Amino acid sequence: MNENTVKFGKKHFFIVALTIFIFSVCDFLVAYFFQDVLKSPFFFDTIFMIAALFLFGPIASLIEYILFISFTCIKLKILYGKTDFVFLYTLSAFTIILVTWLFIRKKENLNKGVNLTFLYILTASVFAGLSCSVVSGLLNGIAKNLFEKDWNFNKLIFAFDEYMNFPTAAIIGRIPVTILDRVITTFSGFGISKLYSRIIYGER
């Protein structure tokens with residue numbers, strides 16, 4: 001085996017591992033700013049997870065999110081002495097990764113002009129938002145039974161909760177906010193991945 005190839009492989013692995021760690025810290029800081037500082041219904045906590053998905057694929061993206069959620073659990077443990085059911089939302093992240101990957105896995109589809117690239121990413125965002133709304137809504141229902149706690153950060157959930165059972169209200173109430181969140185985070189992640197590729201790999 002060529003020695004230069006081995007060195008390049010080790011160097012590439014180190015760069016990817018370091019990037020995933022830095023991305024997870026960035027997602028943590030973004031989520032902290034929007035969730036804890038601004039008290040926003042938009043967390044934008046998967047921007048860099050999506051960037052990792054575009055750059056390195058679904059496994060790296062999932063590892064990035066697991067690191068992020070670990071940092072979040074540590075923060076909650078330090079500040080409030082408990083983590084509740086935050087770790088369950090790894091299932092939501094997995095859903096986002098899987099659905100988005102189904103649309104963007106063929107890289108050539110993202111290089112067929114601005115209009116088609118926009119359409120692919122927008123479609124991926126909408127379907128990921130719908131899927132995430134269902135999974136997160138169901139997780140809210142599970143958490144309500146297991147931890148006897150509601151996490152109704154979305155006012156629409158409160159509104160629908162008066163007319164529907166909780167899981168249904170949580171799913172429907174999440175859809176508008178989640179789809180908008182997915183659109184913003186997916187396009188942002190794509191932009192970051194292109195910028196990263198240009199800086200690190202010299203791609204145009």
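The model is predicted, so local features are reported only at pLDDT of at least 70 and side-chain atom pairs only at pLDDT 80 or more, while totals for chains, interfaces and linings use all residues. Residues are numbered from 1 along each chain as its sequence is written, and side-chain values use heavy atoms, with hydrogens and water left out.

The overall picture is quickly told. The protein chain has seven helices and zero strands, with helices (H or I, at least four residues) and strands (E, at least two) taken as DSSP runs and numbered from the N terminus. Along the sequence that reads α-α-α-α-α-α-α. Out of 204 residues in the protein chain, 42% are buried. Here buried stands for under 20% relative accessible area, exposed for over 50%, and partly exposed for what lies in between (1.4 Å probe, protein chains only).

Helix α2 is mostly covered, with eight of its 10 residues buried. Those buried residues are Ile 47, Phe 48, Met 49, Ile 50, Ala 51, Ala 52, Leu 53 and Phe 54. After α2 comes Gly 57, with a positive phi near 100°. In helix α3 sits Tyr 65, a buried residue at 4% relative accessible area. Tyr 65 and Ala 52 are 13 residues apart along the chain, and their C-alpha atoms are separated by 9.6 Å.

Next come the charged pairs. Side chains of opposite charge can pair when their charged atoms come close. Two salt bridges turn up in the structure, a salt bridge being a side-chain nitrogen of Lys or Arg within 4 Å of a carboxyl oxygen of Asp or Glu. One of them joins Lys 75 to Asp 36, with 2.8 Å between the closest N and O atoms. Since Lys 75 belongs to helix α3 (residues 58-80) and Asp 36 to helix α1 (residues 3-37), the pair ties together parts that are 39 residues apart in sequence. Lys 75 counts as buried at 12% relative accessibility, and Asp 36 is buried with a relative accessible area of 18%. In the other salt bridge, the side chains of Arg 182 and Asp 181 meet at 3.3 Å, N to O. Arg 182 and Asp 181 are buried too.

Most residues other than glycine have a negative phi. As for cover, Lys 39 counts as exposed at 62% relative accessibility, whereas Phe 44 is buried at 10% relative accessible area. Phe 33 of helix α1 is partly exposed, at 40% relative accessibility. Phe 33 and Phe 44 lie 11 residues apart in sequence, and 9.6 Å apart in space from C-alpha to C-alpha.

Phe 21, from helix α1, is partly exposed at 41% relative accessibility.

Finally, the second largest pocket holds about 280 Å³ of space. On a 1 Å grid over the protein atoms alone, a pocket is an open set of points where a 1.4 Å probe fits, with protein on both sides within 12 Å along at least five of seven lines, and lining residues have an atom within 4 Å of a point. Grid points are joined across faces, edges and corners, and the volume is the space filled by probe spheres set on them. The second largest pocket has 15 lining residues, with Phe 54, Lys 107, Lys 194, Ser 197 and Glu 203 lying nearest its centre. The elements giving two or more residues to this lining are α2 (47-56) and α7 (166-201), and α7 gives the most, with five residues. By type, the lining divides into eight nonpolar, four polar and three charged residues.

Notes. Ala, Val, Leu, Ile, Met, Phe, Trp, Tyr, Cys and Pro count as nonpolar, Asp, Glu, Lys and Arg as charged, and the others, Gly among them, as polar.
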